[in-house]
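Reader: I am new to this structure and would like to learn how to read its features one at a time. Could you take me through them slowly, with the general idea before each case?

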Amino acid sequence: MSEQKTVYLADYLPYSHLVDSVDLTFRLHPTATRVLARLKLRPNPDRKDRDHLRLDGEGLTLISCRLDGQPIAPTVDAQSLTIAAHELPHAPFTLETEVEIAPEGNTALEGLYMSKGMYCTQCEAEGFRKITWYPDRPDVMSRFKVRIEADLPVLLSNGNPTSQGPNWAEWDDPWPKPAYLFALVAGDLRAHSAAFTTASGRKVDLHIWVRPGDETRCAYAMDSLIRSMRWDEQVYGREYDLEVFNIVAVDDFNMGAMENKGLNIFNSRYVLASPETATDDDYARIEAIIAHEYFHNWTGNRITCRDWFQLCLKEGLTVFRDHQFSGDMRSAAVRRIEDVATLRGRQFREDAGPLAHPVRPESFIEINNFYTATVYEKGAEVIGMLKSLVGEAGYKRALDLYFDRHDGDAATIEDWLQVFEDATGRDLSQFKLWYSEAGTPQVKVDEAWDNGVYTLTFTQKNPATPGQPKKQPKVIPIKVGLLNPNGDEVVPTIMLEMTRAKQSFRFEGLAAKPVPSILRGFSAPVVLDRKAPAAERAFLLAHDTDAFNKWEAGRALAKEVMADIALKGATVTSDWLDALASVTFDDSLDPAFRALCLRLPGEDDIAQTIHAMGRLPDPAKIHAARREMTGALAVRLGEGLQRLYKDLDDNAPFSPSAAQAGRRALKIAALGLLSRRDGGKLAASAFARARSMTEEIGALSALLDLRQGQAELVSFAARWGRDANVMDKWYALQIAHADPAEAADLTATLIGTPGFDWKNPNRFRAVIGALAANHAGFHHRSGKGYRLVADWLLKLDPLNPQTAARVSTAFETWPRYDAARRRLARAALDTILSAPDLSGDLREMAERMLSAG
Ligand code: B3K
Ligand code: ZN
């Protein structure tokens, strides 16, 4: 069991020594791998005190230790190896250790582990210490050379290959790096290869390594990689810096992917794609994640983080960059809407609950618990605001300066903000609050119209969050446009800069009271509090020139309708139905955009909205309200749906392009609604005729929503039973569409099937995670959902604490609900906490969640 120790940002101290070079030799064996490490060390001139040498290590069997060639007996405990200061030379010295580790038994998937006969590593954040004794912290950067010895055909590590022979290979990474970027892979793998010539004319060999048979499904990932490399040159002026770039796909992986220098390791679900096996969403995610990991080469690897509190320095910026990239590759408006929907669904939820924390936290127990939507998604939004405030040109100057000044550094948020101040002359002291204060600001909007003068008054409220009762006003860039009552835009987008708790902005010279379009492009991660009549929302949905706000108007209307039905038993309003009908059938609009408008707000989102209104959300009523709205929409759209479906159901050869994906998304949305009218006839035939996984899943979803599709589920499993990534969809889909009263029982039944390989994180998430994501099912009043998820978290925890802790966030919203549900959720969390030998990871999460009440 790991020890619960809180780490504080304020305690940062540079490391006692510098590591000039690291030579590693791996003699791979499933149960007895030997790791020989030769470190060249010298005292850190930045540390005036003469400190002892303390190296991190966990679960290592020390075989030998030599200092400058002489055997020594250092002090070793469960987490460290220490050599006392008086035993250390004042000058540079060499420390050699040999340890034994057992990758086969490593179920935590951190450090060196095995997945289906292949060796691979995951070191971020603190996994390198499970491989060898080392100062496992990001500010210790060093040059790594690696020798791998194993009876396997493919042996990979970071950097460039230097030499190889039968059963061995050597790698040299010329770029100093922290240990968390170390990687090693060994296995029987096949490559999909290509080449890239950088802007300055250097040739780079590109390889995507997969299990035999999968190499036919790598083309899209490779294409995404090449486009990412070109884009980073063109937009950020950043070139790749090694002779090879390797990507490896692995089936057992705790998260999406990892940006190890020159050797990215990916969850296979974010690499492998073919039209028959991957949905359009999968294609979009592959493109985004390939780009994200590649972009880390500069924002993360060449410039890394001084300590883990600075995580958003690389993650927020790299998410921001991958959003920009996807916006450039696809429809920027559609991407923005999707990104904001994710932000609200995950980060606003986090910010409103017991797990809320600042973009740059100030303390943690287990750093892996801070790879959160706040650090990533809100971290990216903060950079978006910074860019809005300093403008395109200012942003470019600041980024150029950042790369110039900090290449090779382990940097901080202070360094990051300093380059913006130096490049633009702007004082960012107030802006910095975005990094230190948690919580989503609420911005209330009031308007006044008087004698041709239109005034918008904003009032910001920054709600209390755990450990932060009082907040200060933030800088909020609010992009606004004004429309005439006839629908013309009278004031095109301008940015209002809010810096005080309450602030007014005047617009003069208007002939009529305008309709405001506020927070265009979602220019700040805030909640707008503005009462607007349904007719005005419908007007904006029809006329707004800002695509985000056009969508947002329909969204806000839908949310109001859903909340009214759930809370007051109201009926579906014709305002909303009519407004949505005109968007649905407006062929001048992008089909992808229309599909997004037809996607009703999620149930968790409505629960959050109702809670923010000071009311109790009832998951069953919210679920019923959403179904009722879908039914009413199907009736309102009527015969037009059939026509729309036919128009979109073309025979064009498959392309993963955003344009074709948008048409498919609209077609599937139409199919879902049509099914409400024809009892599922069309969906059943669409399933039988499906030519892509997107269509197959779309048709199956429509059937499952009608409580049909059993035969289709059987045929799907018969066809895809051998493909784990596809079968994950089969599990998750049934649970997502299950009747809330049956969701937990269905999950239990699926758990009983032989395919439920719960030690595989993807499968665990596809089953247990899917139940947690079925809002009304998980929060069903029986408490079955809570109990089942808690039981499985406890079962997974001893084997894979990181994934258990991650999935436990299912419980983060428990304080929102009624007393009976709260009691049940508390009981589930108490059961978790009372388990003997609970991991530090899951303990920290459960304790933080319980502290809310
Ligand atoms: N940097 C990794 C995440 C590591 C998570 C460690 N628990 C992937 C990414 O953000 O690109
Ligand atoms: Zn990242």
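Author: Let us begin with the sheet. Strands of a sheet pair through backbone hydrogen bonds, either parallel or antiparallel. Here eight strands form an open sheet with mixed pairing, in the order β6-β5-β9-β3-β2-β12-β15-β14, where strands are DSSP runs of E with at least two residues, helices are runs of H or I with at least four, and both are numbered from the N terminus. Two strands count as paired if DSSP finds at least two bridges between them. The edge strands, each pairing on one side only, are β6 (70-71) and β14 (160-165).

Reader: What should I know about the model and its numbering before going on?

Author: This is a predicted model, in which local features need pLDDT of at least 70 and side-chain atom pairs count only at pLDDT 80 or more, while totals for chains, interfaces and linings use all residues; side-chain values use heavy atoms, with hydrogens and water left out. Residues are numbered from 1 along each chain as its sequence is written, and chains are lettered from A and ligands numbered from 1 in the order in which they are written.

Reader: In which sense do β12 and β15 pair, and over how many bridges?

Author: Strand β12 (residues 142-149) pairs with β15 in the antiparallel sense, over seven bridges. Within this region S142 stands opposite K177 in β15.

Reader: How many aromatic pairs does a search of the whole structure find?

Author: A pair of aromatic rings is described by the distance of the centres and the angle of the planes. The search finds 38 aromatic pairs, taking rings of Phe, Tyr and Trp (its six-membered ring) with centres within 6.5 Å, and calling planes under 30 degrees apart stacked, over 60 edge-to-face and the rest tilted. One of them joins Y180 and W308 edge-to-face, at 4.8 Å centre to centre and 70 degrees between the planes. Y180 lies in the loop between β15 (168-177) and β16 (184-187), and W308 in the loop between β22 (304-305) and α3 (311-329), so this pair ties together parts that are 128 residues apart in sequence.

Reader: Are Y180 and W308 buried or exposed?

Author: Both Y180 and W308 are buried, a term for under 20% relative accessible area, with exposed over 50% and partly exposed in between (1.4 Å probe, protein chains only).

Reader: Which ring has the charged end of R302 over it?

Author: The charged end of R302 sits over the ring of W175, 3.7 Å from its centre, the test being that NZ of Lys or CZ of Arg is within 6 Å of the ring centre and within 35 degrees of the ring normal.
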